[in-house]
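Look at the chains first, then read on.

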Amino acid sequence: MRVLVTGMGGELGTKVAQLLEARPEVVDIVGCDFVPPRRRLRRAEFRRIDPRNREKLRDFVLDFAPTHVAHFGVYEPASRLSPAQAAKRTELASMVALSAAARAGALEYVVVRSGLEIYGPRRNRASVPDESVPLAPGTPYGMSLLKVEGAAAGVGRRHDIAIGALRYAPVVGSHVPSPLGRLLRLPAVPVSAFGDPPFSLVHPDDACAAMVAALLRKADGPVNVVGAGAASPWQAARLGGRLPLPLIPPLWGAASQVVEFMGAAIAPHIVELLRYGRTASCARCAEVLGVSPVLSTQEVLRELYEWAEVVPIASVREAVA
Amino acid sequence: MNTSYVYDTPFHLHPDRVGVADPPLRALARRVQGHTPIDPFGLDPQLADIAGSLLRRTVRVQAVGMQHIPESGPAVLVMNRGFGIFEPTALAVALMNETGRRVRVVGAPTLFGLGTTLRRFGSIAASPADVVAALSAGHLVVVPLSPNWWTAGAGTPPLELMQSVMTSAVLPVWVRPNGPLGLATSWRVTIGPEVVNDTSIAPGDPLGAAELSEAVRTAVDNLR
């Protein structure tokens, strides 16, 4: 296997590369991103390429001629990039990398990172959707995921190869730059005054294990990857000792501005989660991938809150003195 | 079915098994501490246990045929309905008393606030996706027939939902008032044996679903 990991500079991309390094059947691992990997890689080769530099990205992928692609070049708005930048880079990384990989001629399998945002707001018709539910994204990030899945499906149709799409619940962990994780760690958490809908999370380690399993099994079609159980915004805030701040619909815009000023930008897909919830059925995951998320939503939340608070260095010095 | 279901039970709150209701002060403390998670369908096990404890004291139910209910794992209970929420409540109390299991009643209304509230106690949307998800998670799913007066027999099963439950165990249920002069001061819940489905028919086949619906409706009617 010659695996290309796009978005290798992110937490998930780096971790997947590390897991692939331990697999003897993976001969070559190559990755690219606009930021360097977050951990030391022993066998994988990394090239720092901004997806906006199309020619460089295209030539790099064509030269490598991957047999498998793990497409993590899908950037969540307000994670490390603004919503506009994230959408632009996601589109370019997907179109350029996937088409170049297909044109290189050796491609056998592609698996893309997707998310539950692709189903749209939790509606009465399907509040716990499985993979067969019609897609109706209601936010720019959901639309972005739909385009990525569509581009990958197009590659699959034209070249007659299997295409997988891992629809992750929000990936939250102590080391992951996640807008939802940052929001939940604020002293006061905005919540809906008229509802307390359930949402599910998935731990980064489980997200990476699912990606590796998909690559090794050539899992075809979409698969929801969701931690067991659920939480609600009120319960999650209280679990972390935070103050739930009830908001009525007209105030969400103002709240977003205030929260961004406090250091945790709140993108439309996060507002959608807080107002309408976000869960899905994970029944197909074990069947298709042979693995299921180990940590439940409540365990992911507890790990998030047990992560040490930022301690100003000056305070530590004073304490030592 | 031999599949064993692993349930997420944070803070000892089980999404499928009825627990002991917390005393009021402890219930409040747990809620303030955030030790009261809900499940993906919106069920709040702590609230459901408190409501269940009250219902078990106030609603008198005589249950027949409880041996047909699986000790664990999924099943679809297709029941008659006359007054709306009374029959599902009587069935839920009977199952709590006899098996200790919770039920997921299909038909959470879209009415603002009411749907959210009923979901907290185990209601789910009348959506094939949600029914399949609840069965995949190993729950008992109650599908009410269209409303009909008790003396008029069983109503019509929802065909769209029957299409999604063709691979599951389907049990007929008849619920009727059992008080003096037919008053709803107490209830009688009768559960019949599993309706045998033709396994040669592909899941989701509309004609197969229609045949299953008719077989279930007849089985419910025969329990009167």
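The sections below cover the chains, a helix pair, the core and the interface.

## The model

This is a predicted model: local features need pLDDT of at least 70, side-chain atom pairs count only at pLDDT 80 or more, and totals for chains, interfaces and linings use all residues. Residues are numbered from 1 along each chain as its sequence is written, while chains are lettered from A and ligands numbered from 1 in the order in which they are written.

## Chain A

Chain A has 12 helices and nine strands. Both are DSSP runs, numbered from the N terminus: helices are H or I with at least four residues, strands are E with at least two. The C-alpha atoms fill a box of roughly 60 × 55 × 35 Å along the principal axes.

Of the 321 residues in chain A, 54% are buried. A residue is buried if 20 or more other C-beta atoms lie within 10 Å of its own, exposed if 12 or fewer, and partly exposed in between; C-beta atoms are placed from the backbone.

## Two packed helices

Helix α3 (residues 83-103) and helix α4 (residues 140-159) of chain A pack at about 5°, with axes 10 Å apart. Axes are lines fitted to C-alpha atoms, for helices over the stretch in contact, and angles run from 0 to 180 degrees between N-to-C directions. The two helices α3(A) and α4(A) are therefore roughly parallel, a label for angles under 35 degrees.

## Chain B

Chain B holds seven helices and seven strands. Its C-alpha trace spans about 50 × 45 × 35 Å along the principal axes. Buried residues make up 43% of its 224 residues.

## Core and interface

The largest nonpolar core has 154 residues. Such a core is a set of buried Ala, Val, Leu, Ile, Met, Phe, Trp, Tyr and Cys residues joined through C-beta atoms within 7 Å. M211(A), V225(A), L91(B) and V173(B) have the most contacts inside this core.

Where do the chains meet? In all, 25 residues of chain A are in contact with 22 residues of chain B. Contact needs C-beta atoms, placed from the backbone, within 7 Å. Helix α7 (residues 233-239) of chain A gives the most to its side, with four residues.

Technical notes. Contact = placed C-beta atoms within 7 Å. Parallel < 35°, antiparallel > 145°, perpendicular 65-115°, else oblique.
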